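I'll jot things down as I look them up.

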Amino acid sequence: MSEARKICLLGDFAVGKSSLVARFVRNTFSDKYLTTVGVKVDSKEVRLTDRAVKLVVWDLAGKAELDSLNKTYIRGAHGLMLVVDGTREASLRAALYLWMQSQKQLAQVPVVLMINKLDMIDRWEVSSADIARLSESVPTFRTSALSGEGVEAAFTTLAQRVTERP
Amino acid sequence: MTKYQQLRELLLGDERRALQRQQAQIDALSDAHADLAQQLPALIEAAEQGPAKPALHQALSPVVAAALDDSVRRAPQRIVDALFPIIGPAIRKAIAEALRGFVLDINRAMEMSFTPRGLRWRLESWRSGVPFAQVVLKHTLSYRIDHLFLIEREAGILLYRYSAPELPDLDADAIAGMLTAIGDFVRDSVQAPGGGSLASATVGEHLLLVREGPQATLAAFVRGVPPAALHERLSQKLEDLHRGAAGVPGFDWPIEAARALDVTAALVVRGEEQRAPMPKWPWIVLALFLAIGFSWLIWQRIEQGRERAQLQSIVAAEPGWRLIALDRNGVWQLQLLRDPDARSVAHLEKQFGGPVEVDEIAFLSLDDMPIARRAERTLAIPATASVRVERGVLALSGEVDSAWAERYLPLASAIAGVRDVDTRALRIGPTARERLQALAEELNRRALVFPRGSADVDADQRSALVAEVRRLVELAQSLDVRIAATVTGHSDEGGSERRNRLLRAERAQILHDSLRAAGVGADQIVIAVDNPQALAPKATMHWEIR
Ligand SMILES: Nc1nc2c(ncn2[C@@H]2O[C@H](COP(=O)(O)OP(=O)(O)O)[C@@H](O)[C@H]2O)c(=O)[nH]1
Ligand SMILES: [Mg+2]
């Protein structure tokens, strides 16, 4: 049994978290859990150069804020995937705000930032300058759940980071 | 500068704009305050979405409860109507479930009743004080743990997993995560401090059992019907693991769990016990017993019916008896009306040929036989006469004397049950006393006649007289009447006076002797002194009755 790591996807409503998970993992559960329970858990084994790691991906129902239930959901997470909709600037702030909120719950865990909807780059509001500044602090990927571009790379990077930690 | 501070910088640029927006919102809010009522629904909705949700719930719940209370009291039918479609199916389902369980239990208990194993379990039940049905369940319930997950409590990461070998693979990690999430969700929804967690659920054909510990959760997907003991065993295992982990820094949960939750042990698989085919003979014996029992009951029924009819017909045939009640209580018990002049109940037992208990009540019967007896008794019917009653008509026949007739005949028609008296066949004769008198007078006219000048009497004449006197004596004796005779001898004119006197004495003596021979006592006979009354060769007597 490979090591398992819990990853939580954080991001504003409709940024494409569920779509990214669907693109990345094998879907075990129906999306209806997102509306009823507020979370949907899937898993995917990621092969790294020296090892395999099982990513258990928690897709939290999109909210600009962490409520008490979401706070329990992120407990014990080994890594965070922040998702931003490139076409909505506000979603960047939401993602960062969510991250900030999660800091109270989690010790400093590895974070990867996804700027999603790369296929609609012509309508992006998030500027390249901002992305450049962000990527200095956080591994940042331009992704598209539609085309799949960048998705694998982002998750693999996070997998790498979460297994590096003791 | 840390990464985090850099990011705050990034955020700060927006803060002024945010403040301005908020100011505008505040202004708008105070404007809106005026028509708060219109906005109340929207506000509540908003509160429901935001962080004030718990407070809103707390504030509203007493109001809602009171309103609900009120409407239940005022319009209960509406509530009933609203709940009807939910309650009906729920009740039906519950009943069906209960019945299914019940039938299963009964079947098992029946199957197990006659086998040696069944007897062994009976012994176990008797020894342990556990009801037999439960012992049977304990031994026969089959269940299997298809999946067993040990899940790290906080992150929901799978620590250990067992799945039954032949089952299709499943995403255990995702399931573990989801179970954790759902557990959190349930706890968050129930909001019960300290308690309220998901302990079991039904998932398709599986029963999901969840045991939570401080660090790890044990979840078992069970197929079949597990005994209550399984819950305890799971809890036990989990507690053991926690005890092992306590104070051990490098406690390797996956390895320890694999050791503790020994999957091949009884914890996980409990195969269906081999069930020997149920032997047929107990059923045959049972059926035989039942058949014998039934036949006996039926025979009993028939026999009792026969006896009842027999008793009824005996009583019906007996004049002066009436049956009021007939019951069987181990022995036949009768309640009987009986005329005291009818036959005694000893007759019933003799006729029936078995013991009976009779409770008799006296009454006057209008049956002919008891009327006849009553008449015999009341009228002191003499041996010379007899009575017969036919449909209430009392017929007297035979011979009675006038004294009886005078005394008793008037009573006859007053006897209970007598409609009419028929005396046509009754002869009413003189009384005994009258006959005695007549006989005495007759004898007074009679005489012993001798040949002239002789005191010899022929034997026929004498014995005829003796016979007649004897009748008189007997009649007097029967009436207890004292009689006495004076005897006189006579002579005719011829011959000497001396010779005649001698003849008279001799003739009187012969009559005297004849009377003595007829049984008349010596003291009852007086020979008259020589006092010739008639001039004839004879001896006469004169009877007196006192
Ligand atoms: N064009 C485009 N649309 C996307 C992409 N990812 C998500 N969407 C769309 O954005 C909407 C919201 O996606 P969803 O995954 O539900 O967002 P979530 O709320 O963050 O889970 C959906 O209509 C998706 O089809 C993407 O990469 N490109
Ligand atoms: Mg979603």
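Entry 1, the make-up of the ligand shell. I'm working from a predicted model, so I'll keep that in mind throughout.

I found 15 residues surrounding ligand 1. The closest ones I wrote down are A:Ala14, A:Lys17, A:Ser19, A:Asp119 and A:Ala145. Which helix gives the shell its largest share? I get helix α1 of chain A, residues 17-24, with three residues.

I looked for partners of the ligand's oxygen atoms. On the backbone side, I see an N or O atom of A:Val15 at 3.2 Å from an oxygen of ligand 1. A:Lys117 uses its side chain instead: an N or O atom there sits 3.2 Å from a ligand 1 oxygen. I also noted A:Ser144, with a polar side-chain atom 3.5 Å from an oxygen atom of ligand 1. How much of ligand 1 does the protein bury? On its own the ligand exposes 570 Å², and I have 69% of that buried by the protein.

I picked a helix pair here: α15 (residues 432-445) and α16 (residues 459-479), both of chain B. Their axes come within 10 Å and cross at roughly 150 degrees. Angles over 145 degrees count as roughly antiparallel, so that is what I call α15(B) relative to α16(B). For the handedness of the α15(B) and α16(B) crossing, I wrote down left-handed.

Notes: Residues are numbered from 1 along each chain as its sequence is written. Chains are lettered from A and ligands numbered from 1 in the order in which they are written. This is a predicted model: local features need pLDDT of at least 70, side-chain atom pairs count only at pLDDT 80 or more; totals for chains, interfaces and linings use all residues. Side-chain values use heavy atoms; hydrogens and water are left out. A residue is near a molecule or strand if one of its heavy atoms lies within 4 Å of it. A polar contact is a pair of N or O atoms within 3.5 Å; within protein, one must be able to donate a hydrogen and the other to accept it, and residues adjacent in sequence count only if both atoms are side-chain atoms. Accessible areas come from the Shrake-Rupley method with a 1.4 Å probe; for residues, only the protein chains shown count as cover. Helices (H or I, at least four residues) and strands (E, at least two) are DSSP runs, numbered from the N terminus. Axes are lines fitted to C-alpha atoms, for helices over the stretch in contact, and angles run from 0 to 180 degrees between N-to-C directions. Angles under 35 degrees count as roughly parallel, over 145 as roughly antiparallel, 65 to 115 as roughly perpendicular and the rest as oblique. A crossing is left-handed if the near helix is turned anticlockwise from the far one by less than a right angle, and right-handed if clockwise.
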